Amino acid sequence: MQAWIYRKTFNMPMMQNLLQWLAALSAKNRILWLKVLIWLGAFIPVSRLIYLGFTDGLGANPVEFIERSTGTWALVFLLLSLGITPLRSLTQQAWLIAVRRLLGLWMFAYACLHVTTYLWLDYQFDWVDIAKDIVKHPYVLVGAAALLLTLPLAATSHQRAIKALKQRWKSLHKLVYVIGVLVLLHFWWLVKKDVTEPVMYSLLFALLITLRLPIFIKNRKS
Amino acid sequence: MLLDNNRRNPSGILPSEITPQDLFEQRRTVLKAAGAAAAGLLLPAQAYAAQTLDFQKTAFGKEEKLTSFEDVTSYNNYYEFGTGKEDPAREAVLFKPTPWTIKIEGAVKQSKTIGIEQLMKLAPLEERIYRMRCVEGWSMVIPWVGLPLKALIDWAQPTGNAKYIEFISYNDPRHMPGARIPVLDWPYIEGLRMDEAMQSLTILAVGLYGKVLPNQNGAPVRLVVPWKYGFKGAKAISTIRFVEQMPHTSWMKASAREYGFYANVNPAVDHPRWTQSSEKRIGAGLFAGRIKTRLFNGYDEVGQLYAGMDLQKNF
């Protein structure tokens, strides 16, 4: 199983072919095509949930199914957006930066679906019970904190905000690392006993942070 | 280790490429099963699973809406067959719940064993429709078929030293993939205080929905204590031990802060992870919301067992 995941995820020839094909396009088309691919890919999980919902395929506990699925995909998009910077420096493809925002916004979209499922389908907007759940259960608390921290990032994701905030925009968007840690804690603390999945995602997060270290050091020096 | 093996292995076949023996044998079993089915024959295990039980109806849970057979048999916590809810239904297919004997030992007149067929004749089988509340915040309504645990206790003849009963589940890593992973301290151990065990609501279930227990639900015999969280219901019981000291259960060993010995359903005692004041009823639908959890899961008659006890402390 692990070997299969590894082959599928890190199939370098496939990745290289895709990048070569993209590199052959004009800069504008390249970005456009990658964005189209991301949009199409990002719609698959939510379309699947809707399809399963209409065909009675969400299992015995459909609310839990949707909560897990949307939560996992928010985490995947968070990791993908964090992957852009290391991928740029490893492949020397500077234009890749143009899709980072899209990935970050999809993380936000899935996080919103996740929280909506929780507030609506799980708790039927029973605010007293929701408040109790947040205060009493550490995993819900860190999840709520992570969501709150994504709000300023989503709100300042447009071009005007980037221009207006200048250097402060960069500092503000470093919050993504804090969000990453909170989200992983959310996952660890939610799991009853089998921590295989949180371990795998935490290792990926750690890898992405490690790959950034040379960039951090370079930026500090200059 | 790997390098060492390669040096002594001129064929160049990696050990990892060789099919493990148990998997190989499992494949043979699958093939045999397919062959048998094609010939119109049934394996004993399959014949067992299709068996309908003779039982009496009772008034328990008459007013409840049953959780579907599909949901009851596809959404299970049975870590010996994996930690995912769908794992047991898939992984327990080849598990053979027959022949089966239970060892009776500890503080009894004489240690002995009892076969599943004999157990099912100790008392008339009854249908008991019980609510089951999982510690994870969901619940079901299940039409169990079983007999009062009291019937077995009377047969076992415990001595005056028997203050608690320990239930030990079957543990076979060869046929239970989850039991190869130390997520819990195997074998699975649960326990009851003697008076809880004698309570007439406490049953040994041997079936559900009128048929023998499906493997994923704890075949061939499991404990059902409807006023306690579901994890108290030890599955595939292989040993019942009468003891003087409070048993140290698997979940207590895993996290004593989260799981107490009593594990009575109690909306006022919260869990570090899950809201215990309300629950999701399985099968109620996407928009049904939650229902309020009741003390002792609504089985008020057991309250007297805990008279004068601090239920916050003894959770």
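The structure is a predicted model, in which local features need pLDDT of at least 70 and side-chain atom pairs count only at pLDDT 80 or more, while totals for chains, interfaces and linings use all residues. Residues are numbered from 1 along each chain as its sequence is written, and chains are lettered from A and ligands numbered from 1 in the order in which they are written.

Chain A comes to eleven helices and zero strands, where helices (H or I, at least four residues) and strands (E, at least two) are DSSP runs numbered from the N terminus. Its pattern along the sequence is accordingly written α-α-α-α-α-α-α-α-α-α-α. The C-alpha atoms of chain A fill a box of roughly 50 × 40 × 35 Å along the principal axes. A compact globule of 222 residues would have a radius of gyration near 17 Å, and the 19 Å of chain A agrees with this; the radius is taken over C-alpha atoms, and the globule rule is 2.2 Å times the number of residues to the power 0.38. In chain A, 23% of the 222 residues count as buried. Here a residue is buried if 20 or more other C-beta atoms lie within 10 Å of its own, exposed if 12 or fewer, and partly exposed in between, with C-beta atoms placed from the backbone. Of the chain A contacts between residues at least 6 apart in sequence, 64% join residues at least 24 apart, a contact being a pair of residues whose C-beta atoms, placed from the backbone, lie within 7 Å.

Two helix pairs of chain A can be looked at in turn. Helix α3 (residues 27-54) of chain A packs with helix α5 (residues 100-122) of chain A at an angle of about 15°, and their axes are 11 Å apart. These axes are lines fitted to C-alpha atoms, for helices over the stretch in contact, and angles run from 0 to 180 degrees between N-to-C directions. α3(A) and α5(A) are therefore roughly parallel to each other; angles under 35 degrees count as roughly parallel, over 145 as roughly antiparallel, 65 to 115 as roughly perpendicular and the rest as oblique. The crossing of α3(A) past α5(A) is right-handed, a term used if the near helix is turned clockwise from the far one by less than a right angle, with left-handed used if anticlockwise. From α3(A), A:Lys35, A:Ile38, A:Ala42 and A:Val46 meet A:Leu102, A:Leu103, A:Trp106 and A:Leu113 of α5(A). By class, this contact has seven nonpolar, no polar and one charged residues; Ala, Val, Leu, Ile, Met, Phe, Trp, Tyr, Cys and Pro count as nonpolar, Asp, Glu, Lys and Arg as charged, and the others, Gly among them, as polar.

For the second pair, α4(A) and helix α11 (residues 196-221) of chain A pack at an angle of about 25°, with their axes 9 Å apart. α4(A) and α11(A) are therefore also roughly parallel to each other, and α4(A) passes α11(A) in a left-handed crossing. Residues of α4(A) in this contact include A:Leu75, A:Leu79 and A:Gly83, and those of α11(A) include A:Tyr201, A:Phe205 and A:Arg212. The contact of α4(A) with α11(A) has ten nonpolar, three polar and one charged residues.

Turning to the interface, 17 residues of chain A are in contact with 20 residues of chain B. The elements giving two or more residues to this side of chain A are α4 (62-91) and α6 (127-136), and α6(A) gives the most, with three residues. The side of chain A that touches chain B has seven nonpolar, five polar and five charged residues.

Chain B has nine helices and twelve strands, and 40% of its 315 residues count as buried. B:Ile282 is in the loop between β11 (278-281) and β12 (291-292) of chain B and counts as buried, with 22 C-beta neighbours inside 10 Å. Leaving aside residues up to four places away in sequence, B:Ile282 touches residues of both chains, among them A:Ala60, A:Asn61, B:Tyr75 and B:Trp138. The C-alpha atoms of B:Ile282 and B:Tyr75 are separated by 9.2 Å, although the two residues are 207 residues apart along the chain.

Some backbone details complete the picture. The peptide bond from B:Thr98 to B:Pro99 is cis, with omega near 0°, and B:Pro99 is found in the loop between α5 (87-91) and β1 (101-106) of chain B. A:Lys166, which is not a glycine, has a positive phi of about 50° and is exposed, with 8 other C-beta atoms within 10 Å.

Definitions and conventions. Two residues are in contact if their C-beta atoms, placed from the backbone, lie within 7 Å.
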